[in-house]
Each structure stands twice: as structure tokens, then as C-alpha cells.
Amino acid sequence: MPALRLTVAGQVQGVGFRPFVHRLATELALAGQVCNSRQGVQIELSGAAAQLARFQHRLRTELPPLARIDSLAVETLPAPASYAGFRIVASEQGARTLALPVTPDAAVCPHCLAELFDPADRRYCYPFINCTQCGPRYSLIRALPYDRANTSMARFRQCADCQREYDDPGHRRFHAQPNACPACGPALWAETAAGETLHGDALTHAVAAIRRGEIVALRGIGGFHLACDARNEAAVLRLRQRKRRPAKPFALMALNTASLAAVVELTDSGQQWLRHPAAPIVLQARRTGAGLTDALAPGLDRLGVMLPHSPLHWLLFHEARGRPVGHAWTEQPDALLLVMTSANRSGEPLITDNGEARDKLAGIADLLLLHDREIEHRCDDSLIDASVEPVMPIRLGRGLAPLALDTQAAAGAPWIGKKETFVPASVLALGSYLKNTICLTRGGHAFLSPHIGDLDNADNCRTLERSVDALCQLLEIRPQQIACDLHPDFHASRLARTLSERLDAPLQPIQHHHAHIAAVMAEHGRGGPVLGLALDGVGLGWDGQLRGGELLRVDGSGYRPLGELAPLPLPGGDAAAREPWRMALAVLHQLGRTDLIEQRFAERPATAALLKMLERGINCPPTSSLGRVFDAAAALLGLCEHQQYEAQAPMLLEACVREKETGGRAPFSPLPPVARLDLLPLLAELVGETDTARGAARFHARLADTLAAWAIALAEQDRLETVAIGGGCLLNRQLRQRMVGQIEAAGLEVLLPRRVPCNDAAISLGQAWAVMLKQRSEQA
């Protein structure tokens, strides 16, 4: 009888993969064993050749929902061992997988959902139901190995029934570490804002509060949510006032896609992501005439929508529906829409702890739904833009992070040499100031943390420090090199210097836009050379200037600047990023239109002082930021003069385009290869524009065409065939689709972010990749 050894790498530990292998081998009458190993999972099989072939086919095509195979190595065993049947054996002694040792949290699977709403099941309406195919993972782990004793479930000793499931290789709860039931697991209760524990069913209290127009805080998988009735405008406005979030859009939760079809225009990709185990917030176009208050997303043409992902969220809809029997109701349309937003005051980190919720949500929440399963790792909701193709991630959180990228699996990966494979030293990259994440590497693998947040908040700075310790411990990696932003005063940069000294690891500062382009290259496993088009708000350049729009030639040795946007002054410095009217004033000043400045801004107290600054060049630092160009355009069209959240002005500007045609595809006008691209003529066209929608549409079309022509010209000049595009401005759909289409039509390959956001959340990955490429270049 032939025998094989299969080594499977990927997301194959803690996801029910070994029980799946056991079931499959038993069905096919194959003998052997399966165990976890440092490479992933190792399978030894003996049996008829035809059955072995069937096993390999079904192994790939019938995977458990959370499993993913990145590579499968098959070798023939010369002398197969004598096995009696098939068994699951203990992991190799001291084995630690090279891949991510714990998977992200996952939404409730269909099997658990059926049990949750079955009155005959012992877990009926139990808000902590889970199995190997769903439930919390990363959010509850404390240390490796991923065993119950090393999670926040350690204090809950399994009852006899749960233990039998846990020990049974044929059961889907075999080694499900969060396994529990009402007899032995966590409990749910409701408290008033005054701290009084309410008697009776907690869910009944919560639904009644929502119906009264009150705000409920509920402890989810990765942190607290604040919920209210999305159809109750007074409740939505009350939540905005209490949360100090006057305009930033709220996410909505509905029972199912059938319920969402009346309020958003669901795309195929949108529906797929809504049903994905990660259960992210998904951006979809807002349907006109849906009857929803504009207070949910003031002035915007898209809504962030999501489906229930935890049993607790499902049970809210079940209770509101009158506790129907069975689960057929879960596919039927339901009118209930809930605002589901992070539980914090605007700008502060997500709350995870009961005591912290009682303290910090006082005055915000009227009722708290609490439980006693501790959250070890904060995880915000992931956010995906699936309103158009290609789908773009915006934030990696619950369900999608930590994210493992196997760069060795990419075609043409720079680590694969002709004779031998280069193994880079491990790198810890500390990321950016805004939308901070961290990245840790081992060999050709890169591990990206969940969203940490902006480092203008002391709590987020502390979270960054804890995240570094936690990720290094989780992956058992001692970094050999430290990477950070070129800006020396960011908290992440200061922490990087401290870690460099403590670990005796060289410090590698990486320029902001170099990191943006390197992140895109990392996703595609590219070593360059590429033409990098970086389009964002601001980043410190190699020359100490504020940059936000430039072209770079990037390869393994580093980068070379090729072009930049002609700078605009920032009247009053950073204040101009918060007040777009200042950018409009700067544009009018450069155009010599002092008459319009007096006409539009005479009533503003700061106008006279800002004009003197501009005339004397005092406190008006120049910036090549494309983000500030968008701000200026929005202010010139009267859409936004003060931003109440980041990128509000560009988002309002983009939302206008949907109502008007952009004029179609104008004949493409090539540009000569210029080192400095002046966008002032585009902004000049907006001066005096009386039709806001028309002006916004023409601005986007002209901008996309101009940037595309600029990139094409410099690619041809430098003989580059690939353009990698990164930076937060790429989230603008109008700009992205038209610009990318023009560049591809010129015969150039375009690399875009796919699994990692294009904004500053990708900076840590780009920093790590730039250092790894430099290592490879020096080795060669």
C-alpha cells in the first residue's frame, strides 16, 4: 500500500482542520495520523492509490470555513509505518508554527446559529455559543500555545457535556478553546447607567431600551458597541451629541442582506463580504428614497453596513422579533436597523473592560449589556469599501487581523534566489502617526497587527507599546532590526529608538511615501523597480518638507524621487488641514484673486492675519499634499470650510459626483515628463463655479487624467513598466477608477492594495518591506 506525508501550511491550526482531516481519512478508509508541526499540519497516510488521490482533492475543496491552505508539500514515504486506523496525535514537542499561531475572530457559523435558535438545544439563546468554525480567537488569547489555560476562558471549567465534545475528534467542538454552555460558561446581564443590575432577561431590557429611543452599550467580541434605533432620528442625534461625534458617519447593522436591500445598493462583492466570516462593515451606495435620516451619514452617498457577527448581536434581533422558533426567520427581511458604532468618545480608543465602560460611558449609554468573558486584545470592526471594484480595505480589525502575508508565495518574490533562498532578519516596524499598526516579520512572512489608532491620544500610545510586546510574544520573535517613520517626534519613532537600544537592533527610519509604495510591493511580492505614485495627506520627506503627492522610483536599494506636486502654502500650519477655507484662501492668493478673498472670507477674524502670513511667507509651510488640494477644491465649491472629522471635505466632494456626469472619457492628452506638476490650473477652474455637482465632477475627471498622464510620462522616461499606487487619496473611487484605467490603457501594469489598506495603516508593512529589500540588496 503506498504511503504519503503531506505538509500543509496556511491557516490550519485552531480552525477544526485536524478533525476535518480525521473525518476525511476515515471516510476514505485511509490509515495514518495527523498532528500540528512547526510547518503547519503534518499528515501521514497509507491506503489505495485512488483513495489517496481523492483525499488530496477533497482536502483542498472541502476545507472548514476558517481554514486556508497556502502551500501543500507531498512526499512519498519509502517504508510506511503500520497504522491501525487513523488518529489525531499530540503536536510535535515544542512545535510552533511558522505561520500565525492563532486565527482572527470569526462570525457565528450556520451550525451554531441553528443550535442558538433551537429550543431543544442546550445552548438555546446562549450568547457565547461557538465551535472550531467560529467564535473568538485572537481577542481572548493571553499566551502560547493556544490552549484554554492561556485564554480568558481559563476561569470557566467545562462541564461534563462540554468536555466530552472537546475531547471527541469527530465533534466540531474538538479542542474548541472557548467552548462553553449556560451551565459552565460566561454569563450576560444588564445594568442601568447608575450601576444597578436589572433582574430578568438582559436582552428583553436591551430591546425595550432601544425601542424607547435609548442608547445601549453592549460588550461584543473585540470591544463595546453603542447601539440605538437607526430609524429614530432623535436617538441618532442624541448619540451624536453624547459621543461628541457631530458628523462622522455611523455604521448600521441589519438582520440580513434582504433587510439592507431597501436602504443600500448591494453589489455582488458587498454581499460576499457581508457574509464573510470576518463580518466587516461594508461600504455600499446609499439608496435614494430609503427614508433614513441624513444624520446617519451627513452629506455622504454611501453607508457602512454590517450583519450580526456575535451570538449577542443575533439575539438582539431574535428578541426584537418576538423570539421565533427555528432559524428560517433569519433569512426574512426585517425593518429593524441599528446604529452600531464603537463605544468611546470621539478620538478615544475602543472600550473593552466592564469597569472602564461603567466609568467612561456614563452620560453616553442609558443601559449596559455586560458579560464576564474578558477581552485580551482590543479589535475594532474591520471596514471594507465594496461599493465599486476593486474592493478596497480601509481598516483591518476584528476578523481580518492579525493579518499574515506569505511573501514567499508570491510570483517572483525577491527572497527566492537561483541557487539558494535568502532569509531576511526579523524586522519590527512601528508604523505611522495616524491609523497606526505595527508589523513583525519572520523569514518571508509579514504579520500585520489590528488597527491601533491615531497616536495623538495617550491611551493609543500605551496600546501601541502593549501591542509590540504582545505580538512579539505571540509569534515568539525577537526583532533583529527596528523600522519607523522618518519623522523623529512621532511617539512610534521615539518608541522605536527605545526598542533599538534595548534590543541592540539597528534602527532604520523609512520615508513616509517610500513606505506607502513598499507596502503595495509587499502585497504583490515585488522587489522592483517600480514607479511609485504616492497620494495622501502628509508625510515628512527626505528633505524635511511636508509631502503628499510624489512619484518615486523604488527598488531593493531604496528609492529615488522623480516628481512632486507643486506645493501649496498651509496658512497657519496644521490648522489648514482642519479648516479647508484656509486652503481656498491660499489658492485665491496664489491666483491673485484678492477681490474674492475679501468677498468670501472678510467676516472671518483670521483672514487679515493669514493674508499677511501668505504675503511674507511666515507660518505657511509649503506642502505637496494631494489631500490639501482636495480640501481646497471642496472649500472653493462651498462644500466644507471646517472639517469635523478627517477627510470630511474630500468625502463630501466625492459624494457630489454621483449626481452628475464627469463628461465621459476625454481624448487622452499626454504630458511631457515634468518633475513638478502644478494643479493650480485645475483649482482655478472652480473659482466662480455656480454648480457644485458639475464642478466636483469636472475636478475629479481632470485630476485623474492629469495624474495618469504625469505617471505615464515619467514611467516612459525612466523605462519602468509597473506603477504601484498607494496613499489615502486612493480611497477616492472617482479618482482611482479613472486614473488607473488611463494608466493601464497605456500598457503599464498597475499594482494596487488588495488585502491591506492604502492609507497609513499600511505604513508599518511598507517600512518592514523596505528594510527587508535593503537586506536582500546588500546580500546580493
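**Entry 1: before I start**

I'm reminding myself that this is a predicted model.

**Entry 2: aromatic pairs**

A pair of aromatic rings is described by the distance of the centres and the angle of the planes, so I looked up both. I found 6 aromatic pairs in the structure. One of them is Tyr 126 with Phe 128, and this pair is edge-to-face. Their centres sit 5.5 Å from each other, with 70 degrees between the planes. Why edge-to-face? Because planes over 60 degrees apart count that way.

Tyr 126 has 5% relative accessibility, so I put it down as buried. Phe 128 comes out at 4%, so I wrote buried for that one too. The cut-off I used for buried is under 20%.

Then I moved on to Tyr 433 and Phe 490, which form a stacked pair. I noted 5.1 Å centre to centre and 20 degrees between the planes. Where do these two residues sit in the chain? Tyr 433 is in the loop between β18 (427–429) and β19 (439–442). Phe 490 is in the loop between β21 (481–485) and α12 (491–503). They are 57 residues apart, so I've marked this pair as a link between distant parts of the chain. Tyr 433 has 30% relative accessibility, which means partly exposed.

**Entry 3: charges over rings**

I looked for arginines over ring faces. Arg 240 lies over the face of Phe 250, and I wrote down 4.1 Å from the ring centre. I also have Arg 604 over the face of Trp 581, at 4.7 Å from the ring centre.

**Entry 4: cavities**

Rolling a probe the size of a water molecule over the atoms shows where empty space is left. How many cavities of 30 Å³ or more are there? I got 2.

The largest cavity holds about 110 Å³ of space. I count 18 residues in its lining, and Pro 127, Ile 221, Ser 310, Pro 311 and Arg 373 lie nearest its centre. Sorted by class, that lining has 11 nonpolar, 5 polar and 2 charged residues.

The second largest cavity has a volume of about 40 Å³. Its lining is Asp 105, Ala 106, Ala 107, Ile 221, Pro 277, Ala 278, His 309 and Arg 398. By class I have 5 nonpolar, 1 polar and 2 charged residues there. I noticed that Ile 221 turns up in both linings.

Conventions: Residues are numbered from 1 along each chain as its sequence is written. This is a predicted model: local features need pLDDT of at least 70, side-chain atom pairs count only at pLDDT 80 or more; totals for chains, interfaces and linings use all residues. Side-chain values use heavy atoms; hydrogens and water are left out. Rings of Phe, Tyr and Trp (its six-membered ring) pair if their centres lie within 6.5 Å; planes under 30 degrees apart count as stacked, over 60 as edge-to-face and the rest as tilted. Buried means under 20% relative accessible area, exposed over 50%, partly exposed in between (1.4 Å probe, protein chains only). Helices (H or I, at least four residues) and strands (E, at least two) are DSSP runs, numbered from the N terminus. A charge sits over a ring if NZ of Lys or CZ of Arg is within 6 Å of the ring centre and within 35 degrees of the ring normal. On a 1 Å grid over the protein atoms alone, a cavity is a set of points where a 1.4 Å probe fits but cannot get out, and a pocket is an open set with protein on both sides within 12 Å along at least five of seven lines; lining residues have an atom within 4 Å of a point. Grid points are joined across faces, edges and corners, and a volume is the space filled by probe spheres set on the points. Ala, Val, Leu, Ile, Met, Phe, Trp, Tyr, Cys and Pro count as nonpolar, Asp, Glu, Lys and Arg as charged, and the others, Gly among them, as polar.
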